[in-house]
Amino acid sequence: MCRTEGIKANRLGETKFDLLGKGQTIAILDTGSHHRKMLKKDRIVSGACYSSNNPTYGSVSLCPGGSESRKNKGSGKNCATSIAGCDHGTHVATIAAGNSGALKGVAREASIIRMQVFSRFDDPAYCGRVTPCVMSYTSDQVRALERVYKLRKKFSIAAVNMSLGGGYYSSHCDSAMPAMAEIIDRLTDAGIAVVIASGNGGVDGYISHPACIRNAIAVGNATKSDTISWSSNHSSLIDLMAPGENIYAGVPSRGYSYKSGTSMAAPHVAGAIALLKEYKPKASVADLVTALECTGKAVTRSGVSKPRIDIHGAYRFLKTKQTGC
């Protein structure tokens with residue numbers, strides 16, 4: 001099971017070129033999303049809910065009617081904000097692709113597939129002091145990813161964002177979660193980037209799952225001063241760094257708040273990929289990640305340097321038809 005990866009974060013930056021993510025779609029697998037100003041109805045093109053009733057762990061489904069799966073736009077709406085963590089998915093979605101006119105996400109004209117993949121828990125053994133809370137089963141995440149794969153011909157899906165995770169892994173973990181690895185491989189082969197938060201344990205040499213899957217794009221949290229946040233997991237398994245400190249974005253249903261964490265960094269990358277995919281629709285995931293890696297500013301902790309994304313630089317990299325660093 002996975003917790004959401006987030007906590008408090010600067011106002012969203014705006015790109016200064018004409019790429020807005022138009023024609024591209026980002027799938028957000030989280031606690032669902034809803035914002036009357038930043039995520040207007042025409043921006044939500046599909047949705048689903050995958051959530052589990054499991055007496056062994058005491059989890060309760062958060063899908064409409066208590067079912068364990070629903071496949072419609074409404075079912076991807078955020079879970080009740082009276083449950084700790086249910087504002088998380090909206091914050092993440094509005095970073096990736098929100099647009100209120102005054103406040104804009106990275107890919108402000110991209111469409112959203114919203115997916116609610118969390119279940120309710122009431123036991124303090126899982127939640128700590130704040131109950132009830134939400135956590136996510138890997139099996140529900142896999143079902144949601146399989147749904148994204150089925151929708152790939154209906155929508156131009158640039159990226160999946162998963163701001164969630166758990167555990168500590170020092171090497172690729174494909175063998176530990178083969179079903180997750182297999183669907184991420186299929187999505188990647190189909191040109192859909194699977195962007196995953198590296199986790200907020202603040203440890204060096206480890207990241208969380210499912211970011212540790214080989215073909216996942218693992219994202220760490222960089223500060224405004226281009227250091228690595230103290231709370232961000234960091235290792236050689238990280239692919240990209242992105243802003244994740246004091247990010248001001250939407251929360252249900254018309255509010256705003258600051259949050260920090262790798263959860264906030266990951267949707268910056270998902271949004272960046274949607275922008276680059278607008279410019280070069282047939283680019284592979286590897287092409288786009290290479291552009292971001294080769295042009296990013298190196299940030300370092302414990303001797304491990306990783307690139308903080310520079311969207312303008314990546315755009316120029318693709319425009320000048322560079323192929324490697």
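**View 1. Residues 6–15 of the predicted model, where pLDDT stays under 50.** Across the chain the average pLDDT is 95, and 95% of the residues reach a score of at least 70.

**View 2. The open sheet formed by strands E4, E7 and E8.** The 3 strands of this open sheet follow the order E4-E7-E8, and their pairing is antiparallel. Strand E4 (60–61) and strand E8 (133–135) are the edge strands, each of which pairs on one side only. In general, the strands of a sheet pair through backbone hydrogen bonds, and the arrangement may be parallel or antiparallel.

**View 3. The pairing of strand E4 with strand E7.** Strand E4 and strand E7, the latter made up of residues 119–121, run antiparallel and are joined by 2 bridges. Within this view, Ser61 can be located opposite Ser119, a residue of E7.

View 4. When the neighbours within four places in sequence are left aside, the residues in contact with Ile184 are Leu145, Val194, Ile196, Ile213, Asn215 and Ala216. Arg214 lies 30 residues from Ile184 along the chain, and the C-alpha atoms of Ile184 and Arg214 are 9.0 Å apart.

Notes: Residues numbered from 1 in each chain as written. Predicted model: local features only at pLDDT ≥ 70, side-chain atom pairs only at ≥ 80, totals over all residues. Heavy atoms only, no water. Contact = heavy atoms within 4.5 Å. Pairing = 2+ DSSP bridges. Helix = DSSP H or I, 4+ residues; strand = E, 2+ residues; numbered from the N terminus. pLDDT = per-residue confidence, 0-100.
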